[in-house]
Amino acid sequence: LEATNNREKFTREAPHDMSALAASVGAPRRASYPRRRTRACLVEPARASAETRAAGGSTEKKGKVFLIGAGPGGVDHVTVRALRLLRACDVVVHDDLGASDAALLDETPPSADRVHVGKRGGDARSWTQADIDNLLVSLCAEGKIVARLKGGCPSVFSRARSEMDALRRDGFSYELVPGVSSALAAPLRAGFPLTDVAVGKHFVVCSAHDPASIDFAAFADVDTCVFLMAGRSVDAICEGLARGAGKDGSTRVAVVRDACGLNEAVWRGTIDSIQSAIPKSEKLSPCVVVVGGVCALGDGYDDMMNGDGEATLGRDVEPGSVAVSEDPESDLDLDLANLDLANLDSDETAAGTVVESLRRMVQDRDARIKELEEELLVSKRAARMLRGRK
């Protein structure tokens, strides 16, 4: 409401002379809007509820688990919903591969506990799925709000069913929160869509953890085949598709390692040539293998991304300053606090530039006010949900 009133007041009282306009736009921006305000509003109710239960208050409310998709990696690739829940949890139980990103875990409240339950093949110290199930039940019994952070999306090879069954069996509630699966992200990082009206009308997603168990013959008429957990199985996949599915040796292949991660790399080839395209010294895990005609749509993407002169995101603008040009030869920053407007009367071009810049700032501020209004509305709904209200 306050944001709406401020916007209406600004529109009603907008000055018409240049000096007043500069002051009205520039000065308020120096105060800025606290972007993390929603975190405080959202975290406190959930934490207070847990503390009340721990102190012997009402025991009617039980804990709850949110099975959250962390996406392929990095805080930039999680949903807004996931961030809101992370900022409100009492405990975060996280996997490897996208769910252990430091920046992402730092979104949790300082008081939140972190439990790493990542599995490592052959490592006796790894958590078993039964251990994870029991942990979630125990945390719920303590009245905790638990963010169960899973790499990718809970709907794809995440063993979500085991945890769902354990929670349901003990009478605890849970919610599934979608994330971006690497099956969807990897093709985009390699520069092509997963489907195409001409060469990719359907696709199948398969785990390559145990290639010997795959019925490759079932993929014979599938346009695009996507294999997850394929770091050690590229050769077996290509051989299985050629022999079992009858795929031609010239069928295109893309191997994407650590999509959206720090060690991201892409290798391109065909069923016959992809093995020789990947250096033997390269460690591929975590890896997604895409086989099909859509892979050819990414040809030239690497050169475009690495070329000179590509467009980049605009640089951040400090409060009270507007960048009116991205041309290094004619770059101009307008310091609205110290802007000399007296000399603009004789220079219509410069005056027009200033007016346009100020107009953009007004639009940006209106957009930010609207964004804050939407964040406040969603935060209130999330807070009510976390407190168990309808």
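## A strand under cover, and what surrounds it

β1 is mostly covered, since six of its six residues are buried. Buried here means under 20% relative accessible area, exposed means over 50%, and partly exposed lies in between (1.4 Å probe, protein chains only). Helices (H or I, at least four residues) and strands (E, at least two) are DSSP runs, numbered from the N terminus.

A quick word on what you're looking at. This is a predicted model, where local features need pLDDT of at least 70, side-chain atom pairs count only at pLDDT 80 or more, and totals for chains, interfaces and linings use all residues. Residues are numbered from 1 along each chain as its sequence is written, and side-chain values use heavy atoms, with hydrogens and water left out.

Now the overall picture. The protein chain has twelve helices and twelve strands. Of its 390 residues, 42% count as buried. Take the contacts with a separation of 6 or more: 65% of them are between residues 24 or more positions apart. Contact means heavy atoms within 4.5 Å.

### The parallel sheet

Back to β1. Which of its residues point which way? K64, F66 and I68 point one way, V65, L67 and G69 the other way, and all are buried. In a regular strand the side chains alternate between the two faces of the sheet.

β1 belongs to an open sheet of five strands in the order β3-β2-β4-β1-β5, with parallel pairing. β3 (113–116) and β5 (173–177) stand at the edges with a single partner strand each, so one side of each has no neighbour in the sheet. On average, neighbouring strands here are turned by 20 degrees against each other, direction ignored. Two strands pair if DSSP finds at least two bridges between them. Strands of a sheet pair through backbone hydrogen bonds, either parallel or antiparallel.

Here are some strand pairs from the model, including one from the other sheet:

| Strand pair | Bridges | Direction |
|---|---|---|
| β1 and β4 | six bridges | parallel |
| β1 and β5 | five bridges | parallel |
| β2 and β3 | four bridges | parallel |
| β8 and β9 | six bridges | antiparallel |

L67 stands opposite R148 in β4, and the bridge partner of I68 in β5 is V177. Over in β3, D113 is the bridge partner of V91.

Helix α7 (residues 160–169) lies across β1 (64–69), β4 (145–150) and β5, and runs at about 155 degrees to β5. Axes are lines fitted to C-alpha atoms, for helices over the stretch in contact, and angles run from 0 to 180 degrees between N-to-C directions.

### The mixed sheet

There's another open sheet of five strands, with the order β6-β7-β10-β8-β9 and mixed pairing. Its edge strands are β6 (203–207) and β9, each pairing on one side only. Neighbouring strands of this sheet are turned by 15 degrees against each other on average, direction ignored.

### The largest core

The largest nonpolar core has 25 residues, and those with the most contacts inside it are F219, F227, L241, V255, I274, V289 and V291. A nonpolar core is a set of buried Ala, Val, Leu, Ile, Met, Phe, Trp, Tyr and Cys residues joined through side-chain atoms within 4.5 Å. Two or more residues each come from β7 (224–228), α9 (234–243), β8 (252–257), β9 (265–270) and β10 (287–291). Which element gives the largest share of this core? That's α9, with four residues.

The buried residues of α9 are V234, I237, C238, G240 and L241. They cover an arc of only 165 degrees around the axis, so they sit on the same side of α9. The arc is that of the directions from the helix axis to the C-beta atoms. What covers them includes β7, α10 (274–277) and β10. Leaving aside neighbours within four places in sequence, L241 is in contact with residues including F216, F219, F227 and V291.

V289 sits in strand β10 and counts as buried because its relative accessibility is 1%. Leaving aside neighbours within four places in sequence, V289 is in contact with V234 and I237, among others. P187 is 102 residues away along the chain, yet the C-alpha atoms of V289 and P187 are separated by 9.0 Å.

### Cysteines

How many disulfides does the structure hold? It holds zero, where a disulfide is a pair of cysteine sulfur atoms within 2.5 Å. C89 counts as buried at 3% relative accessibility, and C153 is buried with a relative accessible area of 10%.
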